[in-house]
Amino acid sequence: MRFPLLDKLDLPCVFEQLVPGEPHLDGRRYLPLLLLRPTRPAGILPPGMLLAVVDRHHRVDEGDVGRSGVARLVFALSALRVQSAPLRQGLAPEPGWRGGASANPVVLGQVVEVGAWEVTRGQLPYEALYAELSLDIGLGIVGTRTSLTASDLEAELGKARVEPGDYIELTRSRIDILGFEPAA
């Protein structure tokens, strides 16, 4: 997966645990689950909450379990809306969370940069939006990549696009990890 704002993504965390995927027919492990603990104290984060991230692209070295470092995370396929006051940054667990790992947290953040904002009208009778953003969630910088129905988004936003400085909320995200760099 390519992401144009990759160099800006920076979530300090500890790679707490690796849950191996099911063996694939070719003998390799397939889609391991990584449990990450954000370490920056700013922003909202319920006590004990870990992020459950599937390593779809096999980017993380299993030998880094237990190490602190920086994760490069992209929240994909998200529902997006502009926050109303009070404006917040952080991660909140999905509805029904009972502690431990969260695979679909609510992401609360401020737009840092807009990498892509493409509205198209193709074969469908409505406009579609493709967006790539970087967000400051108080715990670090993460990315988002999503496609939405542009008419619904404009009704939600009250304007045609989000800009740097806007506070947004993401829900129903799939978390992709594009890299983990252990601390020296």
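A: A polar atom of the T146 side chain lies 2.7 Å from the backbone oxygen of S78, a polar contact in the sense used here, namely a pair of N or O atoms within 3.5 Å of which, within protein, one must be able to donate a hydrogen and the other to accept it, while residues adjacent in sequence count only if both atoms are side-chain atoms. This is a predicted model, in which local features need pLDDT of at least 70 and side-chain atom pairs count only at pLDDT 80 or more, whereas totals for chains, interfaces and linings use all residues. Residues are numbered from 1 along each chain as its sequence is written, and side-chain values use heavy atoms, with hydrogens and water left out.

T146 belongs to strand β10, which covers residues 141–149; strands here are DSSP runs of E with at least two residues, helices are runs of H or I with at least four, and both are numbered from the N terminus. With a relative accessible area of 2%, T146 is buried, a class that means under 20%, against over 50% for exposed and partly exposed in between, using a 1.4 Å probe and protein chains only. Leaving aside residues up to four places away in sequence, T146 touches L77, S78, L129, Y130 and A131, where a contact means heavy atoms within 4.5 Å.

A103 sits in the loop between β7 (101–102) and β8 (106–120), and its relative accessibility of 35% makes A103 partly exposed. Apart from residues up to four places away in sequence, A103 touches A52, E94, S173 and I175. A103 and L34 are 69 residues apart in sequence, yet their C-alpha atoms are 10 Å apart in space.

Of the contacts between residues at least 6 apart in sequence, 70% join residues at least 24 apart, and 44% of the 184 residues count as buried. The C-alpha atoms fill a box of roughly 45 × 40 × 35 Å along the principal axes.
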